[in-house]
Every structure is written in structure tokens, then in C-alpha cells.
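Let's take a walk through this protein together. Keep the viewer open and turn the model as you read.

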Amino acid sequence: MAEKLRTLIIEIDPETVRQIDILGRQTGTVDIRWKTVSVAEGAEIVRKFRPDMAIVGVNGDPTRVIAPLAKEFPHLYILALSAMRDGDHVLQAMRAGAHDLLTRPVREVDLCIAAEKAQKTRVRKDPAERRGKIVSVFSNKGGNGTTTIASNLADALATRHGKKVIVVDLVLALGDVTMFFNVSPSYTILDLAKNADKADPEYLHSLLARHQSGVYILADPPRIEDADHISAEQVREMLMALRSMFDVVIVDTPHQFDEKTLTALEMSDTVLLVTLLNLPSLKNTQRSIELFCRLGFLDERVRLVLSRYLPNEEISKESIEGIMNCPIFFAVPNDYPTVLSSVNRGKLLSEIAPDKEVTLAFRQMAELLEGPATSHEPPRKKRGFLERVFRPERCAR
Ligand SMILES: Nc1ncnc2c1ncn2[C@@H]1O[C@H](COP(=O)(O)OP(=O)(O)OP(=O)(O)O)[C@@H](O)[C@H]1O
Ligand SMILES: [Mg+2]
């Protein structure tokens, strides 16, 4: 089945928006991610997030609302939404730049047909255009296992599913993804931030670090203070550039809600919200969920992940789902000795303990995200870890 169309709706009637939102979910065709009542705000959203489709409510002259969007965004698929269906009106909407017209009240069958047409146009428009998935791994508390999840999930997606994967270390001050992969690239997120808009994909590939699993790594900047030299706007541009080059962009995020983190979360197709099975952690996670809700991006994109999971008689999985009002997507088993040894040796879990339950868990998580595995792991080469961690050039810049 085709991926849902990431859709912006510009419409003043909240009941119509609600109805289309429900129909989109029920039919699995349209994902209403952005809602606004004004064309100016809608244009801002398109500039920022490049949705696949815009549903634009027309009350009166279609030219007024559609033409400005069609002119500025020639690649945006515009679906005019109107109560009128007479020939003149349809013609006017098309001439203003709409690709299709949906009549109010919207019927399920019409939305499906419109979405199918939009999908076909999208594929035809630019078959070379890739749009990989962004998967952010987030926890509002440190030490819960986000980097462990980001790294080992990336490994499973690359080696078992043949996906072209990159892990982006958005923990700009004191990230540690490079340690997990035992790489020390001289090209970092700071360099890409400065050049994301003009980054040539081939040139970029030659600069990015590549682990023997096939996973690419975009490292944190060399100095703590460099974090301040990267803006939320640059994070957005970087993620857009990387999304066009990779099948999956995994973002290891910091544990606070700053603008850069929120940008990454907002752009994500999936947010793995990591928590532990204890009351303080669950309480904090609930507050994150509440914030996501207020920001308008609590939907099926947010997946709750229990890290370091040990079955617990006092707090059952079921009771958490009830309290959080969010299903548990996955539970990563607790195996401290194996995970610690993997980190300390600069090896991924699949390299040091391919058959352990915790390693297999990441394969299962990858399958939940991507469907059944297609490929097998390539042979690994040996490398000196300490030597690489302390290589001078990573801090000499
Ligand atoms: N499944 C697991 N079982 C047992 N221990 C784990 C597991 N996952 C992670 N850990 C341990 O938890 C600690 C934190 O892991 P990790 O660095 O992945 O978390 P983090 O949320 O990225 O932390 P930080 O806040 O430092 O970025 C490490 O000591 C790691 O070994
Ligand atoms: Mg971390």
C-alpha cells in the first residue's frame, strides 16, 4: 500500500477539517499533519515542511486562495475543496493551479479517488525524487538508552533490510554516536549545517563516515560551543537534504525540548519515545506526551518504547498503555552486561552478541518498522577501538 500523503489543510470550518482527518485515518490515504485557516500561514508551512498535498478550502473565487500557492510552489499538489461543482467553478479552480477538486461534504470514496490521483502524480512528477523516512529517538531524560536504540536499530535496518541508513547525532553538545560506531569522522554536522542547501549528494557521500555495517554517521560537532552555531532552520534544511539521499534518517535527539529538537520531532515520520518502566520516568514521559499533544503532533507517529525492560509485577505493560493513552510499540529487554560491553568496546550488539535476546530485539523492532527482513549481515572487519576514539584529528579542528 502507498504511503499516506503528508497533507496540509487550509480550511476555516473545523468540522470539515475534523471529518477529512477522520476519513484520512480510516482509509489510510491521507495524513492531515498541518491545519490552518490562512493561506499565508499555509504557505509558511509549505516552505518549511514541503507536504505532499494541500487541501485548500475555497469559499468564493478560487483564484484568490489557490493561485498564490500554485505560483510559489509549482510542485505542490493542490486539491481544491468547495461546495460548488459546476463546470465553471471547476475550470476556474484548475486555471488557478488546482490539480483536482473535492466537493463538500467530503465522501470517503471521493477522498480515496483524489488521494490515489495525487499519489500517481507524485510518482510521475519526479521518479528520481526520494523521500526517506525520518525516525527520531527521543527521551526527556538522559541515560534511558536512546543512543543504544538509535545505533542498533540503524544497524538492523541496514544489514537485515538493505536500507540506506544514516544516524544523525543531534546531541550537539556531547553527542556519542561516533563512539557507538567506533568512527571518528572529520566531517561533522557543523559542516553540513553550513552547506545543506547546496550539498551535492555525491560529494556528501564521500564526506560522511560509513561504518562497516553500511550505516552512515553524521557526527556531532567537535567542540561543545559549536552547538550554538547551528540553528533550527539549518537542522530543518539538513534533514530535508538527508531525507532525499537516504531511505531512513535516524536522529539521536537531546533530552530537552529546544527548537532544534522540536524541528526534528516535527519533521519525523516516526518518533520513538523512549521510557523506562519506573514511576519517575513514566511520569516524565507522560508530560512529553502532553506536550506533543499541545503541539499537535501526537498521532500514530509517536511510538512508545520501553527501554531496559524487565517484566515487573507492580507496573504492567497494560496499565501503562491505559495511563499514557498510548500503546507500547516495543520493549527492549534489559541486558546491562551485553550493552555495556558493546559500548565499551565500540562495537554494535550484532558484532559482539549476535544471538542475544537484546540484539534480536532490534531486528524485531526493524521488522515492525519496515516489514520482513530481506538481506543477511555482511562479514565484519576488525578495528582498534581505543585508537580510533582518541584519534587526535577529531578534537584538533
Ligand atoms: N537494553 C539495555 N539493557 C541494559 N542496559 C542498557 C540498555 N540500553 C542501554 N543501556 C545502558 O543504559 C545506559 C545509557 O544508554 P545510552 O547511552 O544508550 O542512553 P542515552 O539515553 O543515549 O544516554 P545519554 O543521556 O548519555 O545520551 C548505558 O550504560 C547503557 O549501557
Ligand atoms: Mg545518548
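Two residues are in contact here if their C-beta atoms, placed from the backbone, lie within 7 Å. With that in hand, take the contacts in the protein between residues at least 6 apart in sequence: 74% of them join residues at least 24 apart. A word on what you're looking at: this is a predicted model, where local features need pLDDT of at least 70, side-chain atom pairs count only at pLDDT 80 or more, and totals for chains, interfaces and linings use all residues. Residues are numbered from 1 along each chain as its sequence is written, while chains are lettered from A and ligands numbered from 1 in the order in which they are written.

Now for the overall inventory. The protein has 18 helices and 13 strands; these are DSSP runs numbered from the N terminus, with helices being H or I of at least four residues and strands E of at least two. Of its 397 residues, 42% count as buried. Buried means that 20 or more other C-beta atoms lie within 10 Å of the residue's own, exposed means 12 or fewer, and partly exposed is in between, with C-beta atoms placed from the backbone.

What sits in the interior? In soluble globular proteins, nonpolar side chains tend to be buried together. A nonpolar core, as used here, is a set of buried Ala, Val, Leu, Ile, Met, Phe, Trp, Tyr and Cys residues joined through C-beta atoms within 7 Å. The largest one in this model has 69 residues, and Leu153, Val165, Ile217, Val249 and Ile250 have the most contacts inside it. Helix 6 gives the most to this core, with seven residues. Apart from it lies another core, of 33 residues, with Ile10, Tyr77, Ala96 and Ala114 among them.

The largest share, four residues, comes from helix 14. A residue is counted as near the ligand if its C-beta atom, placed from the backbone, lies within 6 Å of it. Of the 19 residues around ligand 1, Gly142, Gly145, Thr146, Thr147 and Thr148 come nearest. By class, the shell has six nonpolar, eleven polar and two charged residues; Ala, Val, Leu, Ile, Met, Phe, Trp, Tyr, Cys and Pro count as nonpolar, Asp, Glu, Lys and Arg as charged, and the others, Gly among them, as polar.

Which residues of helix 12 are buried? They are Ser281, Thr285, Ser288 and Phe292. These sit on the same side of helix 12 because they cover an arc of only 55 degrees around the axis, the arc being that of the directions from the helix axis to the C-beta atoms. They pack against strand 11 (270-275) and strand 12. The face turned away from the buried side carries the exposed residues Leu279, Pro280, Lys283, Arg287, Glu290 and Arg294. Just after the helix, Gly296 takes a positive phi of about 85 degrees.

Helix 11 (residues 259-267) is mostly covered, with seven of its nine residues buried. Its buried residues pack against helix 2, strand 6 (133-138), helix 10 (232-243), strand 10 (248-252) and strand 11.

Leu174 has a positive phi of about 75 degrees although it is not a glycine, and its place is in the loop between strand 7 (165-169) and helix 7 (177-181). Leu174 is exposed, with 10 other C-beta atoms within 10 Å. Arg308 also isn't a glycine, yet has a positive phi of about 50 degrees; Arg308 is found in strand 12 and is buried, with 22 other C-beta atoms within 10 Å. The peptide bond from Arg104 to Pro105 is cis, with omega near -10 degrees, and Pro105 belongs to the loop between strand 5 (100-103) and helix 5 (108-125).
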